[in-house]
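Q: I'm new to this structure and would like to learn how to read a few of its features. Could you walk me through them?

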Amino acid sequence: YTGMKPVDFKNHVTSLAWQIGLNPDKIILGGDHLGPVAFKDRDGEEAMREAEGLIEAFVEAGFEKIHIDTSMRLSGDPTDQQLDNGVIAARGARLCRKAEQTFEKTFGKQSELMYVVGSEVPIPGGAQAGGETFSVTLPEDLEKTYAAFKCAFEAAGLSAAFERVIAIVVQPGVEFGDDSVSAYDREKAYELTKSLARYPRMVFEGHSTDYQTRKALTEMVRDGIRILKVGPELTFALREGLFALQSIARIMKLNISFEETLENLMLARPEHWKNYFTGNDAQIAIKRKYSYSDRWRYYANQKALVQAVEELFDGLDNVGIPLTLLSQYMPVQYGRVREGVLTCKSEELVKDKVKEVFAKYRSASQG
């Protein structure tokens, strides 16, 4: 939904790095959920060919951490039983082979790619509507997954690549839906995290760790879930900041329509949110704007919305944001403005709102 191909994103990140004085060589780019998820409604062979093309594009662009996700059913797979670990692993090995071949062809040297694998992989973007429950991965299921991938990689002549598998995706009991968060419980995850000692080269990768508390994230890291994935929580914070500024603009009688523009776009193109929300019209209207699933991000790059954000920033900055209103709607940023560490400019205020989330993850990772 960014409209970027992997190489475009890599160039974008590189440009940003140079702008802030960071050597791009310090950045590791990772591809997430790389596999046939976007093509799962197609025939299995066709879906896998498309997935190979996806992997190839990421590797050619210089992405180094490759999360291979073949955990989903494809058209033609049996629907009356769980997808077999052997099938998941064999498809994963096929994509790994494509990645290895692409790296060596593109860079003219032996592959240095790092891999993440797994079979109990939460879906991208958080849980969909339907009241799913989430169970912690059992140690015996982890062992089966590990063994299946090891066997599949070795059978495909990829033993060296398997040595570069740095993490296994597990379900540690954390997830979020449109209006709920399943919090990390280290006691329930104890048997799983204790079993990590059997795999000395690896750590766990936890998906859908958005909206976990600082304490929970710190416990996850200490328990061996060393790779924490966050996405929707960042754009959720961005939306909160923009809505806060919209509220300030409304009180100041500024004719700015960011919130209205977003609502009209989402209603005109409901395909990005309709499968995520249940309830009556009033309940869904609330979820469209405020859901943890944060479906608004699929509209963020729409020209009309980009323009509405620019108008919001310009309108407020032209008249100045009163500190009293900033205190009301963005109290954390108000404190930072008063301390002199943040300017009272719209864009900086919103960026700082997003940085609150980063600070939580940084603290957890260092703790």
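Q: Is Glu 191 buried, partly exposed or exposed, and what is its relative accessible area?
A: Keep in mind that this is a predicted model. Buried means under 20% relative accessible area and exposed means over 50%, with partly exposed in between. Glu 191 has a relative accessible area of 44%, so it is partly exposed.

Q: Which side chain does Glu 191 meet in a salt bridge?
A: For a salt bridge, look for a side-chain nitrogen of Lys or Arg within 4 Å of a carboxyl oxygen of Asp or Glu. Here the partner of Glu 191 is Lys 194, at 3.4 Å from N to O. Both sit in helix H6, three residues apart, so about one helical turn separates them. Lys 194 is partly exposed too, with 45% relative accessibility.

Q: How many salt bridges turn up in the whole structure?
A: A search finds 27. One of them joins Asp 223 and Arg 186, whose side chains meet at 2.7 Å, N to O. Asp 223 is in the loop between H7 and E8, while Arg 186 is in the loop between strand E6 (181-182) and helix H6 (190-194), so this pair ties together parts that lie 37 residues apart in sequence.

Q: Which side chain does Lys 353 meet in a salt bridge?
A: That would be Glu 240, with 3.7 Å from N to O. Glu 240 belongs to helix H8 and Lys 353 to helix H14, so the pair ties together parts 113 residues apart in sequence. Glu 240 is partly exposed, at 33% relative accessibility. Elsewhere, salt bridges with shared partners link Asp 32, Lys 65, Glu 205 and Lys 229 into one network.

Q: What span should helix H14 have, and how far apart are its end C-alpha atoms?
A: Count 1.5 Å a residue: H14 (residues 346-366) has 21 residues and should span 30 Å, and its end C-alpha atoms are 30 Å apart, so the two agree.

Q: Which residues of H14 are buried, and what do they pack against?
A: Go along the helix and pick out the buried positions, among them Leu 349, Val 350, Val 354, Val 357 and Tyr 361. The buried residues of H14 pack against several elements, including helix H7 (214-222), strand E8 (227-228), helix H8 (232-251) and helix H11 (303-319).

Methods. Residues numbered from 1 in each chain as written. Predicted model: local features only at pLDDT ≥ 70, side-chain atom pairs only at ≥ 80, totals over all residues. Heavy atoms only, no water. Helix = DSSP H or I, 4+ residues; strand = E, 2+ residues; numbered from the N terminus. Expected span 1.5 Å × (residues − 1). Buried < 20%, exposed > 50% of the residue type's maximum accessible area, 1.4 Å probe, protein only. Contact = heavy atoms within 4.5 Å.
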